[in-house]
Each structure stands twice: as C-alpha cells, then as structure tokens.
Amino acid sequence: MKVNELYIELTRRCNLKCAHCFYGDAQNADMSRETLEQIFQVYKDMDWLVAGGGEPFLNFDGVKIIIQNIMKQKIKVNNFFLATNGCCENMDKDEVIDLLLPLQNCNHTKFYLKLSDTIYHRACKSELEAEIYQSFKSKLDKYNIQYIEIKQDTEFINEGKAKANRIQPQSEQQGNFDDPNEIAACGIRDKVFKITCEGNIVAGCGHSYENAQRFIVAVLNKYELNPVQTKRSSGMKSVLPPPPSLDKMRSHSEWNEVE
Ligand code: SF4
C-alpha cells in the first residue's frame, strides 16, 4: 500500500513532561516488534515516514527495526523524519550514532533528525538531561550528522496538555490546529495516517492519545480494510465514518457497511 505520510508511534513513554505536549500525559506503552513487522508488510511505499513517540529512543529496538527496513530497501521511503528530545538518560549515544550514520549517506532516502529544545522542553529538563542533550549534540557534530534544532515551536496543536494548559500560538503567523475533525479529514484526503503502539490506524497525525481513539479507521491486522481507498474524499468533515468503537472496527463486515 502507498501513502503520502506514515507516522509510527514507537512508544507513549517520555522522560519529559512538557506543558505544551499535544499527546497528553505519557503512558507506559511501546510498539512491539510484531506490530512493526506487520506495518512493513502492509505499507511499502511512502513519501514520508515519521518515527515518533513519546520519545522514540525509549523504544530503541523499534527505531533500529525501522532503519534496517529503510536501509535494506524493504520499504520505499523518500524521506525519513525522526523527532527526539535528545536527552534520555538511558540513551546509549554511541549506539545511536552507529545507527544514524549510514542514513547520512543513504542515496534512496533523505534523512531528517529533529532535536526539540523549546522553552517547554527546557523548563522540565533536569540538570542531567540538559547535559545529556548538549553532549548528544556534540556527538552529532563530531560525526557530522545533520540535525534541525527546534528552539521555538511554530505550530501548536490544541490537544492534550496544550489544550489543558491553554497554550496559544505566540503570534498570528503561527498555526493553530484546533479542530480534531479537520485534522482527521485532512488525513484521509491527503493520505496521512498514524499507527499507534497497539496497531490502530488513525486518520491524520495531530491527535492527542485520547482523541486518536476517535479517528481509528482500521486495525493493522485487518489491513485488507485499506482505509486509503475510501471514495469519500471530498468535504472536510463528511469523509469520516462516525467515530467507531474499537470493537466495531475489529469487524471487517461492519467496516464494509460503513464504506
Ligand atoms: S512534547 Fe515530546 S518531549 Fe515533550 S513530553 Fe511530549 S513527547 Fe515528550
């Protein structure tokens, strides 16, 4: 199956507690190796693959499996994006460098590494985490691994803790995505999907953990449901089936009724 953007939620754990986190409170959940393998049996061609979390390096094996699949060209990925806070205590920096280095010179995938260090991240880092971040950056520089460092968020998604803490964009130029229905409708229209730790396929990628449940369009092990083929691709809000219960979505026949 081909999609434009696929977001893989490697974990819902995070070592930080940023006040603007649109996911909401961290949860003790990781994506399993089996789920990752299922993903790459289904999705084999994408313009963007985004590995995220929570903090993705807390599921280091998951990051490894994704990179191995990209490097061996088992999946076609034009652009690979990895977003990290770069300050997990248990992150083995040498192992991370070994993993990322080959991506630098990869001629079939362009690699983007994003380091998030906004005021919200800095506000909740311990001294040790701040040191880890700086030494991680030094290692990246030493090995000439390019990264984009985000010091100021340009977009806020009004979900999760950002919503609870009433964090607003700082200027009119900055975006503010505050309609979950619209995020999901754009996901269907633009073929942007997120796979959660549990293997649920969600329309769009800017949902809190809580809201992601509302926009499940299929379940990974029922991949023949092929949400991308939906014909209802016009009209922002009408493209979605009514928010389903997960149990219902597990039934293939009921999905067909929706279609
Ligand atoms: S914004 Fe990122 S680093 Fe901060 S709590 Fe959320 S997932 Fe963790």
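Q: How many residues are in the largest nonpolar core?
A: This is a predicted model, and its largest nonpolar core has 59 residues. Those with the most contacts inside the core are Leu6, Ile8, Ala51, Ile66, Phe193 and Val202.

Q: Which helix gives the most to this core?
A: Helix H2, residues 60-71, with 5 residues.

Q: Take Ile8. What is Ile8 in contact with, leaving aside neighbours within four places in sequence?
A: Met31, Ile39, Val50, Ala51, Ile66 and Ile195. Of these, Ala51 and Ile66 are also listed among the core residues with the most contacts.

Q: Which strands are joined to E9?
A: Strand E8, residues 192-195, is joined to E9 by 3 bridges, and the two run antiparallel. Strand E10, residues 216-219, is also joined to E9 by 3 bridges, again antiparallel.

Q: Which residues are bridge partners there?
A: Phe193 has Ala203 of E9 as its bridge partner. Ile201 has Ala218 of E10.

Q: What is in the hairpin of E8 and E9?
A: There are 4 residues between the strands. Gly199 takes a positive phi there, near 95°.

Q: Why does Gly204 count as buried?
A: Because 27 other C-beta atoms lie within 10 Å of Gly204; the cut-off for buried is 20 or more.

Q: Which residues is Gly204 in contact with, leaving aside neighbours within four places in sequence?
A: Ile183, Ala184, Cys186, Gly187, Val192 and Phe215. Ile183, Ala184 and Gly187 are also among the buried residues of helix H7, residues 180-190.

Q: What follows H7?
A: Lys191, with a positive phi near 55°.

Q: Change of topic. Which residues surround the ligand?
A: Cys14, Leu16, Lys17, Cys18, Cys21, Tyr23, Gly53, Gly54, Glu55, Asn85 and His121. By class, the shell has 5 nonpolar, 4 polar and 2 charged residues.

Q: Gly53 and Gly54 are both in there. Is the peptide bond from Gly53 to Gly54 cis or trans?
A: It is cis, with omega near 10°. Gly54 is in the loop between strand E2 (45-52) and H2.

Q: What about positive phi at residues that are not glycine, say Gln73 and Arg166?
A: Gln73 has a phi of about 55°. Gln73 sits in the loop between H2 and strand E3 (76-84). Arg166 also has a phi of about 55°. Arg166 lies in the loop between helix H6 (160-164) and strand E7 (175-177).

Q: Are Gln73 and Arg166 buried or exposed?
A: Gln73 counts as exposed, because it has 11 C-beta neighbours inside 10 Å. Arg166 counts as exposed too, with 7.

Q: Last one. What pLDDT does the protein average?
A: The average is 82, and 81% of the residues score at least 70. Over residues 223-259, pLDDT stays under 50. The model has 45 contacts beyond four places in sequence for that stretch.

Terms used: Residues are numbered from 1 along each chain as its sequence is written. This is a predicted model: local features need pLDDT of at least 70, side-chain atom pairs count only at pLDDT 80 or more; totals for chains, interfaces and linings use all residues. A residue is buried if 20 or more other C-beta atoms lie within 10 Å of its own, exposed if 12 or fewer, and partly exposed in between; C-beta atoms are placed from the backbone. A residue is near a molecule or strand if its C-beta atom, placed from the backbone, lies within 6 Å of it. Ala, Val, Leu, Ile, Met, Phe, Trp, Tyr, Cys and Pro count as nonpolar, Asp, Glu, Lys and Arg as charged, and the others, Gly among them, as polar. pLDDT is the predictor's confidence in each residue, from 0 to 100. Two residues are in contact if their C-beta atoms, placed from the backbone, lie within 7 Å. A nonpolar core is a set of buried Ala, Val, Leu, Ile, Met, Phe, Trp, Tyr and Cys residues joined through C-beta atoms within 7 Å. Two strands pair if DSSP finds at least two bridges between them.
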